[in-house]
Amino acid sequence: MLIAFSVAPSGTGESVSEAVADAVAVVRDRAHQVPMNAVRGNEEYTRLLEQWMRSYRPEELFDDDGRLRADLRELSPSGPRRMSANPHANGGVLTRDLRLPDFRAHAVDVPVPGGAIAQPTRVLGEWLAGVVTENPTNFLIMGPDETASNRLSAAVDAGGKRWLGETLPIDDSLSPTGRVLEMLSEHQCQGWLEGYLLTGRHGLFNCYEAFIHIIDAMFNQHAKWLKVTREIPWRAPIPSLNYLLSSHVWRQDHNGFSHQDPGFIDHVVNKKADVIRVYLPPDANTLLSTYDHCLRSRDYVNVVVAGKQPGPQWLTMDEAIAHCTRGIGIWEWASTDGGEGEPDIVLACAGDIPTVETLAAVDLIRRHLPQLRVRVINVVDLMRLQDEGEHPHGLSDREFDALFTTDKPVVFAYHGYPWLIHRLTYRRTNHDNIHVRGYKEEGTTTTPFDMVMLNDLDRYHLVMDVIDRVPGLAAEQAVLRQRMTDARLRARQYTREHGTDLPEVAEWAWPDARARGLPGTAGDDTAADFEAAPAPVQGERTGG
């Protein structure tokens with residue numbers, strides 16, 4: 001509502017209140033400020049306020065009891081014509097469930113853990129192509145010109161990019177009815193998607209992880225809106241706001257430091273626990289299961305961080321579904337504690353690259369410390385770490401203690417900033433023994449393994465952490481620790497001399513896959529963001 005307030009000159013020829021007039025003048029620089037301060041006790045301001053209100057001639061609008069006149073009430077629309085009852089302003093009443101293809105049909109065949117190489121978001125894109133096809137009027141994908149770079153090209157091929165302007169012979173996949181909306185403005189993409197969801201439709205926002213920060217304030221307001229409207233009985237639930245963040249911190253080695261920031265997760269978890277969800281699927285099958293769940297949900301903000309580069313795949317589809325349903329779990333096939341009794345140490349991981357480095361560290365421990373009882377825990381649903389009293393997905397203390405023990409050392413390899421894990425687990429019995437490795441704001445244009453070494457998240461450093469934290473190992477395994485230090489130096493020197501990672505790192509495979517001669521190398525060339533050609537492609541975001 002806009003109330004225009006004009007102040008007439010006083011009988012003396014001077015303005016009644018120059019300060020008030022200045023403050024309320026619509027065209028002035030202070031138009032957004034309070035027109036009158038400290039009205040109470042100021043007779044001049046009280047008189048001006050009454051004069052202002054009476055200028056609207058309330059005696060013509062209200063009866064003697066202060067009620068709106070009956071003839072004026074009859075002018076108001078009724079039923080769904082009312083603004084508050086318009087179904088387009090309460091989009092949940094118009095929402096139709098998506099027709100989702102069976103994601104299991106896109107499963108990556110994983111004969112043994114690590115026995116396949118795949119690009120998770122490419123696999124997801126193939127499934128999303130079916131989502132686009134099956135839902136041609138109520139599902140959109142938004143993104144700031146990075147949809148192909150994030151390996152969702154199959155969805156673009158199926159639905160086309162929305163374009164209403166002139167087309168040229170060199171244009172590709174442009175359509176006035178396209179189901180992918182791109183603009184190099186994260187604000188615009190966020191606004192598009194929010195409007196689409198609020199009117200009852202479905203969608204997702206794919207973005208480079210570092211640049212999703214641009215819409216922090218817009219996310220804030222949507223999360224706050226969800227929190228409040230969930231408490232209003234007549235508000236129908238709307239489809240969730242789904243983010244897919246790829247081209248993430250650990251594989252932005254060619255773009256460099258400007259593109260390396262996993263902090264959106266930290267920002268998101270500040271919001272109401274009833275609203276926010278954060279998922280870090282470690283491979284393609286868990287990503288498929290996770291996103292099927294997200295697109296079926298209502299009234300949430302779902303943040304999913306997943307890699308686009310080729311990497312080892314760990315779980316069969318059935319295993320992935322079970323793991324995602326739990327949200328957190330012990331990977332028995334990777335652990336060495338036999339599933340009975342307490343381990344000597346817990347190695348936990350959340351995120352695709354931290355998972356690779358954790359399992360590579362376990363491989364080293366098996367070879368050099370075979371007597372050590374290691375328990376491996378992988379976290380898909382990050383909020384499982386929080387107390388059940390703080391988040392609906394949180395583990396009870398009993399469940400958490402059963403996984404992480406009450407007194408054994410825990411080395412946690414995490415995708416983002418380490419302190420978030422401490423924040424989520426600070427109430428836990430064994431918090432003092434939890435040591436977290438993650439992104440420490442160290443980055444540059446370098447190789448994938450050098451990136452993890454810069455932040456002490458690499459396999460060799462994780463083995464050193466184990467030696468440092470398991471009682472008695474520091475003195476007993478001083479030689480092994482020195483070998484791990486030397487291995488880091490050797491790996492770094494190799495990158496400086498050859499511009500690629502050491503073969504024993506780049507070609508590493510989990511023992512079960514290695515024994516069968518199955519694919520074990522993901523490669524370390526991330527420079528070609530667009531798969532079609534090694535040369536730069538117009539529209540690709542390539543630098544700071």
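Predicted model: local features only at pLDDT ≥ 70, side-chain atom pairs only at ≥ 80, totals over all residues.
Let me begin with the charged pairs. Side chains of opposite charge can pair when their charged atoms come close. A search of the whole structure finds 28 salt bridges, and I will pick out three of them. In one, the side chains of Glu-390 and Arg-427 meet, with 3.1 Å from N to O. Glu-390 lies in the loop between β13 and α12, while Arg-427 lies in the loop between α13 and β15, so this pair ties together parts that are 37 residues apart in sequence.

A second bridge joins Arg-437 and Asp-456, whose closest N and O atoms are 3.8 Å apart. Because Arg-437 sits in strand β15 and Asp-456 in the loop between α14 and α15, the pair ties together parts that are 19 residues apart in sequence. Here both partners are buried, Arg-437 with a relative accessible area of 13% and Asp-456 at 16%.

In the third, Arg-492 pairs with Asp-450, the closest N and O atoms being 3.2 Å apart. This links distant parts of the chain, since Arg-492 belongs to helix α17 and Asp-450 to helix α14, 42 residues apart. Arg-492 is partly exposed at 28% relative accessible area, whereas Asp-450 is buried at 1%. Salt bridges with shared partners also build one network, which joins Arg-437, Lys-440, Asp-456, Asp-458, Asp-465, Arg-469 and Arg-488.

Asp-458, a member of that network, brings us to helix α15, where it caps the N-terminal end through a side-chain oxygen lying 3.2 Å from the backbone nitrogen of Tyr-460. Why do we call α15, residues 459-469, largely enclosed by the rest of the structure? The reason is that nine of its eleven residues are buried, among them Arg-459, His-461, Met-464 and Asp-465.

Turning to the surface, we find a patch of negative charge where Asp-157, Glu-166, Asp-171 and Asp-172 gather. Of these, Glu-166 lies in the loop between β3 and β4, and with 66% relative accessibility Glu-166 counts as exposed. There is also a nonpolar patch, formed by Leu-49, Met-53 and Tyr-56, with about 250 Å² of accessible area together. Leu-49 lies in helix α2 and counts as partly exposed, at 31% relative accessibility.

Finally, a word about the backbone. Most residues other than glycine have a negative phi. Ser-173, however, has a positive phi of about 65 degrees although it is not a glycine, and Ser-173 lies in the loop between β3 and β4, partly exposed with a relative accessible area of 25%. Thr-405 likewise has a positive phi, near 65 degrees, and its place is the loop between α12 and β14. Is Thr-405 buried or exposed? At 1% relative accessibility, Thr-405 counts as buried.

Notes. Residues numbered from 1 in each chain as written. Heavy atoms only, no water. Patch = residues over 30% accessible without salt bridge, like charges linked within 9 Å, V, L, I, M, F, W, Y side chains within 5 Å. Areas by Shrake-Rupley, 256 points an atom, 1.4 Å probe, with all protein chains shown as cover. Salt bridge = Lys/Arg side-chain N within 4 Å of Asp/Glu carboxyl O. Lys, Arg positive; Asp, Glu negative; His and termini not counted. Charge placed at Lys NZ, Arg CZ, Asp CG, Glu CD. Helix = DSSP H or I, 4+ residues; strand = E, 2+ residues; numbered from the N terminus. Buried < 20%, exposed > 50% of the residue type's maximum accessible area, 1.4 Å probe, protein only. Polar contact = N/O pair within 3.5 Å; in protein donor to acceptor, adjacent residues only side chain to side chain.
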